[in-house]
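Please open the model in the viewer and follow the stops below in order. Each stop names a selection and then describes what is found there.

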Amino acid sequence: MADLSIDFVGIKSPNPFWLASAPPTDKAYNVERAYEAGWGGVVWKTLGEDPAAVNVSSRYSALYDHNGDVSGFNNIELITDRSLEINLREITEVKKRWPDRALVVSLMMPCEEQVWKRILKLVEATGADGVELNFGCPHGMPERGMGAAVGQVPEYVEMVTRWCKQHSKMPVIVKLTPNITDVRLPARAAKSGGADAVSLINTINSITGIDLDAMAARPMVDGKSTHGGYCGPAVKPIALSMTSEIARDPETAGLPISGIGGIGNWKDAAEFIALGAGSVQVCTAAMIYGFNIVEEMKEGLSNWMDSKGYENINDFKGLAVPNTTDWKKLNMNYKVVATIDEDKCIGCGRCYQACEDTSHQAITVTSNDDGTNTFGIIDDNCVGCNLCEITCPVDDCITMDERSEGQPYMNWMEDVRNPHREEA
Amino acid sequence: MNKDNSVSYSQQQLALNQMFKDINPALSARQAGIESSRCYYCYDAPCIKACPSKINIPSFIASIHADDLTGAAKTIYKENIMGGSCARVCPTEILCEQACVRNHEAEQLPVKIGLLQRHATDNAEFEGHPFERAASTGKRIAVVGAGPAGLSCAHRLSLLGNDVDVFEAEDKAGGLNEYGIAKYKLTENFAQKEVDFILSIGGITVHYETALGRDITLEQLKEDFDAVFLSIGLQDTSSLYLDNEDNEMVINSVDYIKELRQATDLKQLDIPKDSAVVIGAGNTAIDIACQLKRLGTEEVTLVYRRGEEQMSATKHEQQIAKNHQVRIKTWSQPESIDVDDNGKVTGMSFRKTYLEDGKLKGGDVQFDVACSAIFKAVGQKMAYPDAEQLIPTISNGKIATFHNQLTSIDGVFAGGDCTGVGQDLTVEAVQQGKLAAIAINEQLNVSTTTKLQTALSA
């Protein structure tokens, strides 16, 4: 049985599954229910200065998939709306009762050193394992000069991180905003400031849709709305990409990463870990299905690790990083061509329609006497784009088979077709 | 259902409606949403090819999925103005749903096309009729028979700008939808609502209780109108050729179903209490057997001289009968109708059959089934009115049609069950009416195609 425990920048946790700083970690009641369900750790919902934030009524909206399940989730909730005193007291009590679980406290303060210094002492006194700096909240708080307003300016990120390291012995995790052109810059800034780790991604600026009767977005507050923060399965590809950018940036390589963004099952978690994450944080899936999902996540990850012979998380952490590279380093001599398994084909013709209309006209259609169609690949026209494979609803019916012609690896920088190639 | 009807519901009628609730309930909006997501939006979709009326099925399902029920219903009505009843009575298991590619993949479950079609047609809302008539052609066409073929033809002709007079022998339009379909398949007076919907296009005048050969003649119609469409259906029940067949308890199933569908009171029906025998193997046989069970007949035995494989009722229909606990006896042919001294039917005698060199033979085994009523459902025949002078060529007992539903008489077209094409399905009748209308219009006017495009895209 695989060992799921982690030591993330000195924070020990029986498994890599943490609840992200968000509504599910707002108070002792929820956090203790999460621990009871088996979560390895939580990042307590962001604390701010008193007086506590005040929230509006109507806070969430969602994007649904074809079956009506939530694929994207949007919120306009602010940081905790409870007083600092209550939160700190509860954190102290909970940590005392659950010493084996990770408890990290998320913080968001104005950019003043004394303010940070004061709060760090208070958090340290609770016995919490570390702090996460919320430089990512994209809605509401940036209007007050905090959250993403800090995260979008690398100099501020570095400055505040440095204060935190100076005034505290706790591990400092810097939570990054994806609402930025190049996520490597704030990550480098965090590292320069002395951050022990970064966590990403925070939510993405979003409007999930417009109610065409009310002519306003949801969530609607008295007929008006505002952009929120987007999360859930739909953001996973963006989060994975940003995680990989930081993992393979020479300037931040090796900087511990806590992966966040659309994680809902063990596979999602394993993917973030393969791209270098040392812990993963979950929110939307728990908000939709409840805390019990961690059971299947732990079980699934453990079973998969056993099947692969990985004994602990470090055994596969970062294994996909070297295989994530720049476009210019891809092998120009590699070639795949689609193959259709006629026995499996159900005759829907989606591959033909897609290739004919929008791709390379590499699929033939032949009408049979019984009114059905048979589809075939024109090898010479197929560029190996995978579109047909993607449209095919049948497992393993269309496969992309390698047809490289024995030529050695050659990337774009070496390719004679590249007018700007670097001469050897 | 109009208001007057609903307030005058008697207890008896409520009981009757309860007894004949929809066998295949409608999808909820949520179910339709999920079901519509299952359509693969196939290229050269097999379901369209399998639909006799060529409805663009993937398109209407995509519209349902995008919450555009109006668009979905319009797509359906463009090809099949009786899309509502077809959604209910089509044997989709041998048509669109049989062709659905999802039968062949791991899920092995076709998209519920019929129920989705019903969802669209039941819930779409139109202000007035969905289509606008083309500019008047000044042409007048006579349609004989207001069943699915006649109504479909009349509607399409009107859409194209022609005026139509429909002559109907009964006092209601709808044909078998009104008088012949099992009550649990078309509930809540749906047939009449659909007729009203079709006629709401305008330009169609229905003359009720006006029968060919009695009140009108083909010769006169040819003279008075620019073209004629015959959709007179099938009037006669095939015979068993047995003694006592004229006994009052040897009943034509179609007559009984008609009576049942029109009944407002259970007391109007003569329901066999203990036992009934149904002879036949088509959907009418299944319909009558199941309806007898619902009416309370204790034992219903359906007897067919060949095997289940040869039954023209689909497997799905056979299953419905089994679900109703109808006893099905195959390989048994009727030998006699047994009557007591008072002339009361007491049962039927059968002989077991078998196939030899492809021929059906009577075996040695004989058996009796006690019953107080016998329902014949061995097929319907056309009875072209004797009084008629002008008769189109009849072939195999039905009106022969050539290209585009034209009969042997110039300017006279025909469609529906009275012609020999297809399996006498409602959806086929609708298609034949539609094709005939397009052909008639083409013959009388120019460029139907242009007009059709304009009218349908309005």
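Domain bounds in this tour come from an automatic or database domain assignment. The model is a predicted one, in which local features need pLDDT of at least 70, side-chain atom pairs count only at pLDDT 80 or more, and totals for chains, interfaces and linings use all residues. Residues are numbered from 1 along each chain as its sequence is written, while chains are lettered from A and ligands numbered from 1 in the order in which they are written.

Begin with chain B, coloured by domain: domain 1 covers 3-123, domain 2 covers 140-235 + 382-456, and domain 3 covers 242-380. The centres of domain 1 and domain 3 of chain B, taken over C-alpha atoms, are separated by 31 Å.

Next, select the contact between the chains, where 13 residues of chain B meet 16 residues of chain A; residues are in contact if their C-beta atoms, placed from the backbone, lie within 7 Å. On the side of chain B that touches chain A, helix H3 (29-36) and helix H4 (46-50) of chain B are the elements giving two or more residues. Helices (H or I, at least four residues) and strands (E, at least two) are DSSP runs, numbered from the N terminus.

Finally, move to chain A and display the open sheet of 4 strands, ordered E5-E6-E14-E11 with antiparallel pairing; strands pair if DSSP finds at least two bridges between them. Its edge strands, E5 (60-64) and E11 (204-206) of chain A, each pair on one side only. Strand E11 of chain A is joined by 3 bridges to the antiparallel strand E14 (residues 228-231) of chain A. To view one bridge, select A:Asn205 with its partner in E14(A), A:Gly229.

Notes. Contact = placed C-beta atoms within 7 Å.
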